[in-house]
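Please open the model in a viewer and keep a selection tool at hand.

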2 protein chains.
Amino acid sequence: MRPNIKLSIIILVAAALACTAAVAGTQDPLPSWSDGPAKKAIMAFVYDVTREGSPNYVKPAERIATFDNDGTLWAEQPMYFQFFFALDRVKALAPTHPEWKDQEPFASLLKGDLKGALAGGERAMLEIVMATHSGMTTTEFEQVVKDWLATAKHPKTQRPYTEMVYQPMLELLAYLRANGFKTFIVSGGGVEFMRPWMEKVYGIPPEQVIGSSIKTKFEMRDGKPVLVRLPELNFVDDKAGKPVAINEHIGRRPVAAFGNSDGDLQMLQWTTAGQGPRFALYVHHTDAEREWAYDRKSSVGSLDKGLDEAQARGWTVVDMKQDWKVIYPFEKM
Amino acid sequence: MRPNIKLSIIILVAAALACTAAVAGTQDPLPSWSDGPAKKAIMAFVYDVTREGSPNYVKPAERIATFDNDGTLWAEQPMYFQFFFALDRVKALAPTHPEWKDQEPFASLLKGDLKGALAGGERAMLEIVMATHSGMTTTEFEQVVKDWLATAKHPKTQRPYTEMVYQPMLELLAYLRANGFKTFIVSGGGVEFMRPWMEKVYGIPPEQVIGSSIKTKFEMRDGKPVLVRLPELNFVDDKAGKPVAINEHIGRRPVAAFGNSDGDLQMLQWTTAGQGPRFALYVHHTDAEREWAYDRKSSVGSLDKGLDEAQARGWTVVDMKQDWKVIYPFEKM
């Protein structure tokens, strides 16, 4: 090859690379978000805290972002998905619990009478959770969760539950991480129900998943150590429990927090009460057609006080119907 | 500049860079460790789990290493440093607690009679901890810890406590992180006593520090949310509590664990019971001259069952006197 031809090729390749970089640099990191005020607020905040020389610059180590899960990252209707799991487990375990035939709330549940089963209120709910979530080792429970997720389908969409995650929020998680944020889950859901799938689905490793929990006990079985799940509540990671858990697990205040219900209000209050720039966002379920529309009076994921406080404080409120071009990843296919 | 001179300079710079890289590649990552069996075992393990194509290769996301703190990363004699903190706090708080003059264990403590104060055993100890560690917000407590560390001196060395960390272990932490490990603290010490200084001293961020804790409560004060520290134990991160806490906070089993006492035994058992390659190490305090020599019969950091199990299972035991050329960072100066 003649030197000047070689040089021309080098220049061409360099130009092509520069061009690719320029395109990548201007690529929309949140393509499923409409160009509305929510998207603008998110991007303005990220720019403000990550730009070197910004008066609001936040060091990467302090870029902590916490996310609720049910109703914020995946759907929660017609009821929390973990409760579907519990119901399926009651059915699966029934043959080894003949006493359940005459014992509430199990008797009603096994007859298909969900309303009757839940007539016992919180106590009935807790009994169902304990009967299905305790009595095995942590390793065994993890496998039960994985097996269930591999086959269970949502009653409305007939999709696996892990496909009913919000595409715009997946983009938001990736966008924050690309800008040096560490993303955490802070959910009322059971921590060991969430960890087996969140790394794959959200890119969030187990050590960044915080949730409700039951107690576990260290034991030796045949000379091997195991952790046994006990039928005893350890921590409820909801409402005022969320800042408590954030402090206990993360040990520093988030700079950004994302939720969808009154259960997230204290997390958003705690986050925005910190010094310097803070960001709080509520996902508002306004799309009855593509998802569900509910807020103040919903029995699941009620958003009432939180909506008022968001308006009073100028927090970002996502209007799902307006702000999200796509809800679920499978819509894109 | 003539083209051939320019070219020569480019070649020289490139050669210099390559040379620097080669030197860096062969630099000893653990210079304070003697070339004995402990150092060899550590480096062989790291090579084995990080080398691409190794049958024992561990993905970076799963390279979790957990470290005890007292006696493993910093000294713990003549008693746990956090207890010196508590004693100093009793003295500082005494003017606002006139009732302590007639109330044990405080009365003895204030007279300088430590033995008398501790005659009440665990209960007396707990009373001292609660009186000095609760009753303020988390933000206030953090400041109290920082202020104490800035002025307090160890009774023997007259050094700040944060200088009484082990230089070889600092190198080990950095070496593991350079090889893609995520390093965690799993200590019986109070988590909010440790977090204010560990990022600076060990390079371990607050969210990777696990410890004992008291309960906290979310409250609104003058319209601002605070977390108030309550005089109630939440979790004791010692012995069988360590695997429980590891599961709760990290959610996956470590591949390597480091301790110095029977309080770490269950953590080492839990770690090494996992599938695939695992590494467990005990720091054995054998150097009465440069540090302290103690093991089976010590009231602080007793290493008895753990020493037997380490020998039976072939865990690595560091002989401080033989294996460490330097104990504290200040010795190098």
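How many residues does the contact take from chain B and from chain A? This is a predicted model, and in it 38 residues of chain B and 38 residues of chain A take part in the contact.

**Stop 1: the two chains**

**Stop 2: the interface**

Next, display the interface residues on both sides. Of the interface residues of chain B, 100% are also interface residues in chain A, so the copies meet through the same surface. The area buried between the chains is about 3000 Å², and carbon and sulfur atoms give 50% of it. In chain B, select Glu207(B), Phe218(B) and Glu248(B): these lose the most area to chain A, together 21% of what that side buries.

Turn now to the polar links. The rule finds 6 salt bridges across the interface. One to display is that of Glu207(A) with Lys182(B), where the closest N and O atoms are 2.9 Å apart. Residue pairs in polar contact between the two chains number 23. Colour chain B by secondary structure: among the elements that each supply at least two residues to the side touching chain A are helix H7 (138-151), strand S2 (182-190) and helix H9 (191-202). By residue class, that side of chain B divides into 16 nonpolar, 12 polar and 10 charged.

**Stop 3: backbone geometry**

Most residues other than glycine have a negative phi, and most peptide bonds are trans. The following selections depart from that pattern.

- Select Gln77(B) and Pro78(B): a cis peptide bond joins them, with omega about -5°. Pro78(B) lies in the loop between strand S1 (64-67) and helix H3 (81-93) of chain B.
- Select Glu104(B) and Pro105(B), also joined by a cis peptide bond, with omega about 5°. Pro105(B) is in the loop between H3 and helix H4 (106-110).
- Select Asp222(A), where phi is positive, near 50°. Asp222(A) sits in the loop between strand S3 (209-221) and strand S4 (224-235) of chain A, and is exposed, with a relative accessible area of 83%.
- Finish at Lys239(B), whose phi is likewise positive, near 50°. Lys239(B) is in the loop between strand S4 (224-235) and helix H10 (241-249) of chain B and counts as partly exposed, at 44% relative accessibility.

Notes. Residues are numbered from 1 along each chain as its sequence is written. Chains are lettered from A and ligands numbered from 1 in the order in which they are written. This is a predicted model: local features need pLDDT of at least 70, side-chain atom pairs count only at pLDDT 80 or more; totals for chains, interfaces and linings use all residues. Side-chain values use heavy atoms; hydrogens and water are left out. Helices (H or I, at least four residues) and strands (E, at least two) are DSSP runs, numbered from the N terminus. Buried means under 20% relative accessible area, exposed over 50%, partly exposed in between (1.4 Å probe, protein chains only). Contact means heavy atoms within 4.5 Å. Buried area is the accessible area (1.4 Å probe) that two parts lose on being put together, summed over both. A salt bridge is a side-chain nitrogen of Lys or Arg within 4 Å of a carboxyl oxygen of Asp or Glu. A polar contact is a pair of N or O atoms within 3.5 Å; within protein, one must be able to donate a hydrogen and the other to accept it, and residues adjacent in sequence count only if both atoms are side-chain atoms. Ala, Val, Leu, Ile, Met, Phe, Trp, Tyr, Cys and Pro count as nonpolar, Asp, Glu, Lys and Arg as charged, and the others, Gly among them, as polar.
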